[in-house]
Amino acid sequence: MNTTILYAVITLSSIGILSAIILFFIAQKFKVIEDPRIDAVAEVLPGANCGGCGFAGCRNFAENIVKNESLENMFCPVGGNDVSKLIAPIIGQVAEEKEPMIAVIRCNGSFANAPAKTQYDGVKSCFFIHNLYPGDNSCPYSCLGAGDCVVSCKFDAIYIDEKTGLPVVDEEKCVACGACVKACPRKVIELRKKGKKSRRIFVSCVNKEKGAVSRKNCNVSCIGCGKCVKECKFEAITIENNLAYIDFEKCTLCRKCVAVCPQASILELNFPERKTKETSTEVVEEQK
Amino acid sequence: MKTFKLGGVHPKGNKLSSDKAIKAIGLPKTATISLIQSLGAPPEPVVAKGDKVKVGQLIAKGNAFISSNIHASVSGTVSKIEDTLEASGYRKKCIVIDVEGDEWLETIDKKPNIKLEIQLKKEEIIAKIKEAGIVGLGGATFPTQVKLMIPEGKKAECLIINGVECEPYLTSDHRIMLERGEELIVGVRILMKAIGVDKAFIGIENNKADAIKYLSKLAKNNLGITVVPLKVKYPQGGEKQLIKAITNREVPSGKLPIEVGCVVQNVGTAIAVYEAVQKNKPLFERVVTVTGKSVKNPCNLLARIGTPISMLIEEAGGIPEDTQKVINGGPMMGKSINSIDIYVVKGMSGLLMMPEKESKRVTPSNCIRCAQCTFICPMGLNPYLISQMTETQNEAMAEKERVMDCMECGSCSYTCPAARPLLDNIRVAKNKVGQIIRTRAK
């Protein structure tokens, strides 16, 4: 009885030891030499695997950084500058300071501003509605409000406001990974500079129709009148296809264009309230 | 009696206007003719603002292989060429003509007699059809001449004329067969000559007994034309289903009917071919059924292309008060429109006004895997599975499940006891897979 156990233990342990020795030598022979810096970089990265950097996950991003040994065009939007500063010494580079970005919704066609003309009754998917028809408010460029951007966001930073039917970006949570920009079939969402104290000015409309046409569907659509272009001293505003666009690199946040816009389609966010006259009251209400 | 084997449903016929004769509607004050009236590349306008046009004059020319011409449906002055709302709800380029009188081109034969003799040769017929801008009038609006050009290495064996009209409510094809049977037979003979076959079948469902009787009588005198009565089943009017029902041949997945030697044309198209070849009249008018349960006077109207649909609705007694939805087409495959400020196009087979209680969707509940949708799918797909793949954004699997074979007949959504939006999801998948296939081709 005792010998049986003894034999079994000896046989099994010798098989185990033998296999271990074979495996050890095989492992030595076929060893994959991996740059230890990849692990070091991956360690620093947030690990959200959002794909906002343009690579398939954080590990892939780390591999590419180490392979190229440069931080050029390599930016983790989630970690931002802090992460860049941590990565830079690992690969022996100097981190380039990047302005923080944020997603903005360039449509203000809320239930009040662009009243619904039809009632949609079907699958809740912007992609589907976009292929089907222009949407409840008949504007072929407007936000559809079915929340494809909400589904795409991995950081829970965007939600649909029940009152307006428009998506709202949570400034604290948004990391500007750009997933929502890709998900939006109408290209309503844009990544813009976050600005000082998160102050931003942008044209909240992407409608390229002529003014007379777009105004039928929406009270706050950009009509391409060009008043803002004349007012802007920094040549930050351009008009193309009846639509104004503010270049955030040139914009100095002076707010003069907001005051002259007859359609109140230029929005200002996070600015203190104006002291003198009441302009674009709707916009201020919108922010609250 | 013949029918296709796989799947199919039996929606209630509701053919309210089947005994109403086709009535020509008056001319509109202005005609707005959309440039997007067929599949393929949109044609280029050949008239400018201020030009005088006559009825039947070419106003837009299709230059691509899959593209079709558009002719003036009214006489008058071109007042503008601009983007106007069309059935999809988006703005598309249209030619607007202010109507002055009703002056037809001299070349068009306006005499009512029926020309039986076919003088033109095969190639001349196809050229004439191309010139006349004829498209499939069953609703798909595929340019007819492309279907008639048999690709090299293939051989057409028979022509199938689609008089099934399986879509509930619609009756325009039924009325055409009853009222214009003789012209239809000549049209069929022209099409037979164009593709070089000596056999033609006219498939008609047996809920149109009068049409079957009448056309059988006419077909007796014409060698090679047979009327085939079919058992009522939706979607028998689908090309592949009709071929299966009549010839018992199956078109392989992703292939065209010519693969099994068949060419399918709608009865409305056959009439248009007759008019183009024998009477020199391009396609500028069509029969539209205006119907609905609470519509005062459901009717079949012969309308010029570009007539505002409000005129047609007025003719049928206006929009009933309880209407919640106006559908362009039939209830199964049609699409509800978001404004009635649109105009008649070549592909508009009917206008259906749905009362409130029928137009709202039932709230969907969970899929119970009853497999009803799999049983009834005429293409043998698994609608519940594809729908699920759409929800999980698994387009690659949807493609493997042959989502592109779906013809969007809507039988799955119709039959689902849980009222799940199966067709909606399949459409999403079709759109996404289509995009993937196109980028792969590049």
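**Note on the predicted two-chain model**

1. Of the 288 residues in chain A, 37% are buried.

2. The secondary structure of chain A consists of eleven helices and eight strands. Its radius of gyration is 27 Å, well over the 19 Å given by the globule rule for 288 residues, so chain A is more spread out than a compact globule. The C-alpha trace of chain A spans about 100 × 50 × 35 Å along its principal axes.

3. On contact order within chain A: taking contacts between residues at least 6 apart in sequence, 58% join residues at least 24 apart.

4. Chain A is split into domain 1, residues 36-90, and domain 2, residues 101-287. Their C-alpha centres are 32 Å apart. Between them, five residues of domain 1 of chain A are in contact with seven residues of domain 2 of chain A. The side of domain 1 that touches domain 2 has four nonpolar residues, one polar residue and no charged residues.

5. As for the contact between the chains, 13 residues of chain A meet 13 residues of chain B. On the chain A side, the residues touching chain B are six nonpolar, five polar and two charged.

6. A:Ser138 deserves a look at the backbone level. Its phi is near 70°, a positive value in a residue other than glycine. A:Ser138 sits in the loop of chain A between helix H5 (126-132) and helix H6 (148-152). This serine counts as buried because it has 22 C-beta neighbours inside 10 Å, the cut-off for a buried residue being 20 or more.

7. B:Gln393 belongs to the loop of chain B that runs between helix H11 (383-391) and helix H12 (395-400). It has 13 C-beta neighbours inside 10 Å and therefore counts as partly exposed; a residue with 12 or fewer would be exposed.

8. Chain B also has a cis peptide bond, which joins B:Tyr234 and B:Pro235, with omega about -5°. B:Pro235 is located in the loop between strand E11 (225-230) and helix H6 (239-247) of chain B.

Definitions and conventions. Residues are numbered from 1 along each chain as its sequence is written. Chains are lettered from A and ligands numbered from 1 in the order in which they are written. This is a predicted model: local features need pLDDT of at least 70, side-chain atom pairs count only at pLDDT 80 or more; totals for chains, interfaces and linings use all residues. Domain bounds come from an automatic or database domain assignment. Two residues are in contact if their C-beta atoms, placed from the backbone, lie within 7 Å. Ala, Val, Leu, Ile, Met, Phe, Trp, Tyr, Cys and Pro count as nonpolar, Asp, Glu, Lys and Arg as charged, and the others, Gly among them, as polar. Helices (H or I, at least four residues) and strands (E, at least two) are DSSP runs, numbered from the N terminus. The radius of gyration is taken over C-alpha atoms; the globule rule is 2.2 Å times the number of residues to the power 0.38.
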